[in-house]
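The following note sets out some points for discussion on the structure shown below.

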Amino acid sequence: MDNILQKLLPMQPLASVEGRDNDTLMYLIHGLVLVLFVGWAIYYIVVLIKFRETKNSKAAESHVAHTVSSYVEWFVVVAEIVLLFAFSIPFWAVHQASVPEGKNIMEVKVVAQQFAWNVHYAGPDGRFGRASARFLEDNPLGLDPSDPDGKDDITTMNQVYLPVNKTVIFRLTSKDVIHSFGVPAMRVKQDIIPGMTTSAWFTPNKIGQYEIACSQLCGVGHYRMRGIINVVAQADFDQWIAQNKGIHD
Amino acid sequence: MSSEHHSAHHDHSHDDTHHQQSFWSQYVFSTDHKIIGIQYLFMSLFFLFFGFCLMLLMRWQIAYPGHPLPIIGKMFGADSMPNGVMLPEFYNQLGAMHGTIMVFLGVVPLGFAVFGNYLIPLQIGAKDMAFPRLNMFSYWSFLAGGMLMLSSFFLPNGPASNGWTSYSPLSDIAHDGQTIWLFSMAIIIISSLLSSLNFITTIFNLRAPGMTFERLPFFIWAQLITAFLLLLAFPPLEGAAFLQLCDRLLGTSFFLPTGLFVNGHIANISGGGNALLWQHLFWFLGHPEVYVIILPALGIVTEIIACNTRKSIAGFGMMRWSIIFLGFLSFVVWSHHTYLTGMGTNITAFFQTTTMIISIPSVIIVSALFITLWGGSIRFNVPMLFALAFLPMFGFGGLTGLPLGLAATDIPLHDTYYVIGHFHYVVAPGVVLGLFAGIYYWFPKATGRKMNEFLGHLHFWPTLITMNLVFFPMLIQGLMGLNRRMYDGGATYAFNHDILYWNVVISSAAWVMALAQLPFIFNFFYSMFNGEKVNSDNPWQSATLEWATPTPPGHGNFTHPITVYRDPYSYSLPGAPKDYSPQDQKEI
C-alpha cells in the first residue's frame, strides 16, 4: 500500500515519528483533489463532445436541474470540514504550535546566518552558556567566555548530531535576515525571524544523514545554505558528546 | 454624434470625432477609454513578454547550473553573466523582476486596465469613463512606474533581488535596486488606485437607462469587485513601501529588530522594529491581489462561454453573490502565506478555515460555468478554445491550493516548487489563457478585423501542452521537497538528485512555449492591418452592448441613445427569431 502511494504521490522517505500524520493528511487531501478533478474532467469531456455545435445546432432554452452540482458542493464542504477539524488543526496544535516537555527530550540551539547554520549544544552539564551580541565578532554564536555554563558547550557549523529515537527541540534564532529551517525527511519547516525565537521539533527514527535546506530566500548564497543532520545510535551520540565537549568549530 | 456617419463598414473611427484632433492628442495623450485600453494592451503585452524572457534565462541556469549560456550569454556583462555563466546575484535579480513584472506590470494591467478600460463603458452603454483625464493620468503613471522598474536593470548593482515579496530585513539591507523597486511600486500603486476609483465611479454612475445591476454582464461585476479589491488592498502596501523606503533612506527601523549582525558586524541601526510587520502588510495586499489577477479573466471567460454556447449563464444570480462573497473573504485569508512564521493554533485555525471557505464560492462559479455548457450549442472558435482551456486549468490550480491552504500540509510544501506549480496553474494556463481568449474575442471590435484562425490554433495547442509540461512536474518536484529560488536548481542537495532531470524537461518545455508565442505575435500585428474584415458590427452574434457600437467604435462609442431591456445573456430565448436578443433591442 505504502509503495503504491509513494508512486502516486512521491515524497522523501520519512525519517521521523511525527511526520506520519502529516503524510496521511497529504494523501487524503490529494485524494480529494484527484476525485474532484477526474470527476470534473469526465463531465467536461462528455459535455464538449455531446453538445458541440455540429451535433447540437440549437441550444437548450433552460438549464439542467442543479442537484448533482449541489451534491458536489456539499461533498466539498464536508470533506474540507473533516480535513480541517479532524486532521490539520489538531496536527498544528500538537506538532507545530507547542513543544513537548519531559525528561527524555534534548534541546539544541540553532543560530542561522547568511549562509550557514550555527549549532549549539549544552554539553554534558545540560546547561547552555550565555550568549550576547557583544561577543558576536569574537565567536559566531556570541558565547560569553566568562560564563562557566559555557565551558563544556559544543558548537558546530552546518553539522547536527542527534541520537535516534529521542525527541529533539531546536530553538531557532537568526543573526541577520529571515531564514527557514527545512528538513524534508522529517516533514519539518520553521521560519527563523530575526528578533524572535521559534521552535521546531521531531523524533528521528532512522539512523542516517539528512539535509537541512534553508527555505526562505536569504541572499546570494541561499541556494547553498545546507546543513546536515547525522542521526546516530545513542551510544555513538554519547561518545560524540564526550569527545567534543568544550570544542567550538 | 450623428448616426449617419457610422456604418458597419466604416473603418476609420477618427472620422467620427467631434472635432479634428492632432495625432498626438488622439493616439498618444488620449483621454478616450478605448485608446487608453489599447495603450495599456501594448505595454502590458510587452511587459508580459519581457517578464517571460527573464524566466527563459533563469530556466537555463536551473536546467544546466554553471554551464555557459550559448550565444545569448555572451551579450551580458561581466557583472551578470561572466563568460555566459550566470551569477547568483543576477539569478536572484531575474527572479525578483520576473515576479514583479509579471504580476504588477503584465497580468494585472492586462486583465484589469486593458479589458476594463476598453469594455466597461461599452458594456454599460456609456460614452467614456467618468474621469477621462484621470484615466490618462493612470496610464502615464503606470508607464512611468514600469519604465522606472526597467531602468533599475542599468544600476551598477542591478535591480532588486529579494523576490517579488521583498521581505524585510533582507530588502532593508539590500543594494540600491530595492530603492528603485519601492519607488516604482509606489507609482504603479497610484496608477492602480486612480483606475479603480474611475472604474467604480463609472460603473455606478454611467450605466445606460435600463442597465440595472442585475443586467450588468458578469465581466462588469468582476471588474467592479476587482476595483474594490485594488482600492482597499493596495494602500497598505503603499504604506509599507514608504516605511521600507524610510528604513533604507532615513535610518528608521520599522522592519528591523534590535541587534542585527550583518556581514561580520553589528548593524548600525536603531532597531526595535518587527520583521514580520512587512509580511503582514505585504500579504494583506498579496492575497486580494490573487483575486485581482483572477477575476477579470473569469469575467472574460464567462462572456465568451455564454456567447459560444448560445445559452444564458446558469445560476447567474448565484455567481454574482459568489463573487461578492469572494471579494470580502479575500481580505481575511492573507496569513495562509505566513503559516510558518511561528503562529499559534488559534490564528492558523482561523486562516485555514477562511481559506477553506473561500474555495466554496470559487467552486460555485466554476460549477455554474460547467453547467452552462450542458445543453449548449458549443462553437469551437479560437476565443472559445482558450476560454474552455481556462476552466480545467484554473480549476486544477485552485485544487492544488487546498494542500497549501491546510496549515499542516503546508509545512512540507511551503516555499517549494509545489507553490510555484500551484499559483502558475492559476495564473498561466488559467488567467493568461483567459486573457488571450479576450484578445481573440474582442479583436474584431477594436480593429474591424478577425485574427487568423489557423495561427490561433497554432498558438493555442502548443501553448496548452507546454504549459502543462512546465507546471505539472513542478508539483512533483515540490512534493519531493525541492525549494524555490534555488540558483542551481536544487543541485546542492542530495535529496533533490532523483528529481533534477525534471529541470531539463521543464526548461525545454518553457523554451518551446516561447516559440509557440510567435504565431500569436505575428497574428496580432498582421491581422491588425491585413486580417479578414468582419462584415458585421456583431460578428460573434453576442447579446451584450459593446457589439451595438460601430466597428471600431468612434469617440463617444454609441451612435444612438442606448436603452437596455434585458439580461446580458439573452441567448436562445423562446419565441425569439434569432438565437440571440441584444440587450438594447426592445423586441426579442
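In what sense do β2(A) and strand β3 (residues 154-157) of chain A pair, and over how many bridges? The comments below take up this question and then turn to other parts of the structure, which is a predicted model.

1. Pairing of β2 and β3 in chain A. The two strands run antiparallel, and four bridges connect β2(A) with β3(A). Within this pairing, A:N118 has A:M157 of β3(A) as its bridge partner.

2. Pairing of β1 and β2 in chain A. Strand β1 (residues 105-113) of chain A is also antiparallel to β2(A), and six bridges join them. The two strands make up a hairpin, with two residues between them. On this side A:N118 of β2(A) lies opposite A:V111.

3. Burial of β2 in chain A. Strand β2 (residues 116-121) of chain A is largely enclosed by the rest of the structure, because five of its six residues are buried.

4. Domains of chain A. The assignment divides chain A into domain 1 (2-96) and domain 2 (105-244). Their centres, taken over C-alpha atoms, are 39 Å apart. Nine residues of domain 1 of chain A and 11 residues of domain 2 of chain A take part in the contact between them. On the domain 1 side, the residues comprise four nonpolar, four polar and one charged.

5. Contact between the chains. Chain A brings 79 residues into contact with 80 residues of chain B. Elements of chain A that each supply at least two residues to this side include the helices α2 (19-50) and α3 (67-96), together with the strands β6 (179-183), β7 (188-192) and β9 (208-214). By residue class, the side of chain A that touches chain B has 46 nonpolar, 19 polar and 14 charged residues.

6. Helix α3 of chain B. This helix (residues 88-124) has 37 residues, and the distance from its first C-alpha to its last is 50 Å, close to the 54 Å expected at 1.5 Å a residue. A bend of about 55° is found in α3(B) at B:P109. The helix is mostly covered, with 34 of its 37 residues buried. After α3(B) comes B:G125, which has a positive phi near 80°.

Key. Residues numbered from 1 in each chain as written. Chains lettered and ligands numbered in written order. Predicted model: local features only at pLDDT ≥ 70, side-chain atom pairs only at ≥ 80, totals over all residues. Contact = placed C-beta atoms within 7 Å. Nonpolar A, V, L, I, M, F, W, Y, C, P; charged D, E, K, R; others polar. Buried ≥ 20, exposed ≤ 12 C-beta atoms within 10 Å, placed from the backbone. Pairing = 2+ DSSP bridges. Domains from an automatic or database assignment. Expected span 1.5 Å × (residues − 1). Bend = angle between axes of the 7 residues up to and from the residue.
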